Amino acid sequence: MNHLPQAWGRPRDDVYGAYDPSHFQNAAPNQHTQSPIVTGTSVVAAKFKDGVVIAADNLASYGSLARFTDVKRLRKFNDEVVVGFGGDVSDMQYLDRLLNSLDIRENYSNTESSLNAKNLHTYLSKVMYKRRSDFNPLWNHLLIAGLDGDAKPFLASADLLGTTFSSPTLATGFGAHLAQPIMRRTIPDEAAVQNVSKDDAISLVKECMKVLFYRDARSMDKYSIAIITKAGVELTEDERLENQSWAFAESIRGYGTQVN
Amino acid sequence: MAAVFSGAPPQGGPGYSFSQTPKAAPSGERQHGFYPYTDNGGSTLGISGATFTILAGDTRSTSGYNINTRCAPKLFKIGGEGPDNKGARIVLSVVGFAADGEALKERLDTIVKMYKYQHGKPMSVSACAQRLSHILYNKRFFPYYVHAILGGLDEDGKGALYSYDPVGSYEREQCRAAGAAASLIMPFLDNQVNFKNQHVPGSGTGHELQARVAVPLPQPAVEGLVRDAFTSAVERHIEVGDELQMMIITRDGVEETYTPLKKD
């Protein structure tokens, strides 16, 4: 997935030619989302032997403007599921309301067990696929983290096209380029998940958030992180990046004001 | 890599600022900003024999140059009992746009299960094959962007294999490769399964030359061909790799195996 949500779902320029924006000023009623406006950047997540860690920063950008700096992009659904949102923030807020009403409906029905992460992923991916089939997409890339029906760690993604996949580590947007290779080094496959402790996974995800802050221009050093285990959800929404080292910036040449 | 998905604000179009929005509508055809398809890469293949059918596919899922996951199966059991399709005798493979593939699989699976519920007998492969064609054609003007291959055993217990295009044209065949590496695998299959360009040694020259007659291959030979096809495709196509998923349909049921492929 491309790291710029503006390009998601667009016909590729190299295949279909440059984008024709003619529809932007057609003042017809009932317009569909043709591009995201206020966007959130990467969401990163990794499984460990008893659960999942997921993180996303608290920034909502308006193009290149860092517009809102206190937007929570991780949503706790219940004691075993957290959803992380990348892409358009208003569509995220719509999905948030949708999940609220789903939760209320589920709690009024007399079923014994609540929805698990696998159930919620199926639900959300069907919502996303339906909306793309109506040519009215929800411009998001979601990560659903939590526990499945057998209380095993579950991590899967759903995007604006309805594409779904699951992997021991996942990252959306820029994170797919920068965080995924780092996380795959420690957790290359499903078998490796058993050797990863909670602390290992947390420090791995925190390391990824740091790399993303260094290199993603639409990121921020304040982020949310959630750990989902059988014990429940630990959600922290005002985490700050620690131990930053900008020493590497000294060695970068070719930009800015240096002469050599 | 430069031209792939340039995510910058479109040149000549509105940037992030509304004041840049063009005032007049450009002439020519109107283009939608949202393209509902993507290609998730990967490859599948199917070969039918006298008493069996083998379907195979790699498990890599890609978008552009990224690997989404190394474990996304493209082969699905159709029918049978419950969510695990216990006792299913039909296998569907889909390659192309994975979300459409998933939707197609779910529709066909429901139909085949409802058929058994309503008629009290499992659906035949030929009936299932025609139904799949109708499902695809029903979405002729907003197609499921997938190449499907359906495998099973026919009423005589012979291997049956049907291949489809995205709008439902279908045909029963001995072998078919689909997906990203189809152009690499299909010529190999033509030569090794249907013995194309093979001749009887010493049968003469020119018009005298006799083509070698194709016969159904034994199961171990076909398994070998499938593995060779995929190990070769992995070498030459970046969207193919990680694991090889195989489903072997015989009178005893469906046997599913996973074997590693190169992960580079």
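This is a predicted model: local features need pLDDT of at least 70, side-chain atom pairs count only at pLDDT 80 or more; totals for chains, interfaces and linings use all residues.
Stop 1: Select strands S5 to S9 of chain B. They form an open, antiparallel sheet of five strands in the order S5-S6-S7-S8-S9. Look at the edges next. S5(B), residues 75-78, and S9(B), residues 170-172, each have a single partner strand, so one side of each lacks a neighbour in the sheet. On average, neighbouring strands are turned by 20° against each other, direction ignored.

Stop 2: Zoom in on S5(B) and on S6(B), residues 90-96. These two strands run antiparallel and are joined by four bridges. Pick Phe76(B): opposite, in S6(B), stands Leu92(B).

**Stop 3: the helices.** Select residues 98-119 of chain B. This is helix H1(B), which packs on the sheet and touches S5(B), S6(B) and S7(B), residues 146-153. The direction of H1(B) makes about 15° with that of S5(B). Now select residues 125-138 of chain B, helix H2(B). H2(B) lies across S6, S7, S8 (159-164) and S9 of chain B, at about 5° to S8(B).

**Stop 4: the largest pocket.** Show Thr164(A), Phe76(B), Glu102(B), Lys105(B) and Glu106(B). Of the 48 lining residues, these are the closest to the centre of the largest pocket. The pocket holds about 1500 Å³ of space. Which helix gives the largest share of the lining? H1(B) does, with nine residues. Elements supplying at least two lining residues each include H3 (117-133) and S9 (153-159) of chain A, and S11 (243-250) and S12 (253-260) of chain B. Colour the lining by class: 19 residues are nonpolar, 16 polar and 13 charged.

Terms used. Residues are numbered from 1 along each chain as its sequence is written. Chains are lettered from A and ligands numbered from 1 in the order in which they are written. Side-chain values use heavy atoms; hydrogens and water are left out. Two strands pair if DSSP finds at least two bridges between them. Axes are lines fitted to C-alpha atoms, for helices over the stretch in contact, and angles run from 0 to 180 degrees between N-to-C directions. Contact means heavy atoms within 4.5 Å. On a 1 Å grid over the protein atoms alone, a cavity is a set of points where a 1.4 Å probe fits but cannot get out, and a pocket is an open set with protein on both sides within 12 Å along at least five of seven lines; lining residues have an atom within 4 Å of a point. Grid points are joined across faces, edges and corners, and a volume is the space filled by probe spheres set on the points. Ala, Val, Leu, Ile, Met, Phe, Trp, Tyr, Cys and Pro count as nonpolar, Asp, Glu, Lys and Arg as charged, and the others, Gly among them, as polar.
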